[in-house]
Amino acid sequence: MSDEAFMRAALELAAPRLGRTGDNPSVGCVIVKDRTIVGAGATGEGGRPHAEETALSQAGHEALGATAYVTLEPCAERSSGALACSDLLIAAGLARLVIATRDPHPKAAGAGLARIRQANIELKEGVLEADARQQNAAFFAKLG
């Protein structure tokens, strides 16, 4: 499968949660190792847990050296005080992160990606970006 196919899977995970995640966008995440999905998640009801948390929990040790496909830039700060998704992905030992689009929210806004780069994780941006932006159009419109 291609980067686009795995990102499509992440978008499909997020779709049923639209309008059910509170102020948060509906995000999908799949973690892939050896071309097989080893973890998958979407933003939970009311906005918690985040998609990355669920996917990493499913993947367990299989996340080491894997690729995560996330429909929105991972957060760099959590209002709850919990560990940010960018930090969780780094701690899991990912080799690569593929995102659809950047997050304009002040708790992400490039800071999550900066952490990923500092951790020397390969990063690819813009995979199915238009689809991801359309999926969460209300979220993007609210944040400008």
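Visitor: Why is glutamate 4 called partly exposed?

Guide: Its relative accessible area is 40%. Buried would need a value under 20% and exposed one over 50%, so glutamate 4, at 40%, counts as partly exposed. Please keep in mind that this is a predicted model.

Visitor: Where does glutamate 4 sit, and what does it touch?

Guide: Glutamate 4 belongs to helix H1, residues 3-14. Leaving aside residues up to four places away in sequence, glutamate 4 touches Val127 and Leu128. Contact here means heavy atoms within 4.5 Å. As for glutamine 135, which is 131 residues away along the chain, its C-alpha atom is 16 Å from that of glutamate 4.

Visitor: What makes glycine 41 a buried residue?

Guide: The relative accessible area of glycine 41 is 5%. The limit for buried is under 20%, so glycine 41 is buried. This glycine is part of strand E2. Its contacts, not counting residues up to four places away in sequence, are Leu13, Val27, Gly28, Cys29, Ala51, Thr54 and Ala55. With threonine 54, glycine 41 has a C-alpha to C-alpha distance of 5.0 Å, and the two are 13 residues apart in sequence.

Visitor: How do you know that E1 and E2 pair?

Guide: Two strands pair if there are at least two bridges between them. Strand E1 (residues 28-33) and strand E2 (residues 36-42) have six bridges, in the antiparallel sense, so they pair. In one of these bridges, lysine 33 has threonine 36 of E2 as its partner.

Visitor: What lies between the two strands of this hairpin?

Guide: Two residues separate E1 from E2 in the hairpin, and aspartate 34 in the turn has a positive phi of about 50°. Arginine 35 is also found in the loop between E1 and E2. Its phi is positive too, about 65°, although arginine 35 is not a glycine.

Visitor: Is arginine 35 buried or exposed?

Guide: Arginine 35 has a relative accessible area of 58%. Exposed means over 50%, so arginine 35 is exposed.

Visitor: Why is alanine 109 called partly exposed?

Guide: Its relative accessibility is 48%. Partly exposed lies between the buried limit of under 20% and the exposed limit of over 50%, so alanine 109 counts as partly exposed. Alanine 109 is in the loop between strand E4 (96-99) and helix H4 (111-118). Its phi, near 40°, is positive in a residue other than glycine.

Visitor: Which peptide bond is cis, and where is its proline?

Guide: The bond from arginine 48 to proline 49 is cis, with omega near -5°. Proline 49 is in the loop between E2 and helix H2 (51-59).

Visitor: What makes the radius of gyration agree with a compact globule?

Guide: For 144 residues, a compact globule would have a radius near 15 Å; the chain has 13 Å, which agrees. The C-alpha trace spans about 35 × 30 × 25 Å along its principal axes. Of the 144 residues, 47% are buried.

Visitor: What is the order of helices and strands?

Guide: The chain has six helices and five strands, and along the sequence the pattern is α-β-β-α-β-α-β-α-β-α-α. Of the contacts between residues at least 6 apart in sequence, 71% join residues at least 24 apart.

Terms used. Residues are numbered from 1 along each chain as its sequence is written. This is a predicted model: local features need pLDDT of at least 70, side-chain atom pairs count only at pLDDT 80 or more; totals for chains, interfaces and linings use all residues. Side-chain values use heavy atoms; hydrogens and water are left out. Helices (H or I, at least four residues) and strands (E, at least two) are DSSP runs, numbered from the N terminus. The radius of gyration is taken over C-alpha atoms; the globule rule is 2.2 Å times the number of residues to the power 0.38. Buried means under 20% relative accessible area, exposed over 50%, partly exposed in between (1.4 Å probe, protein chains only).
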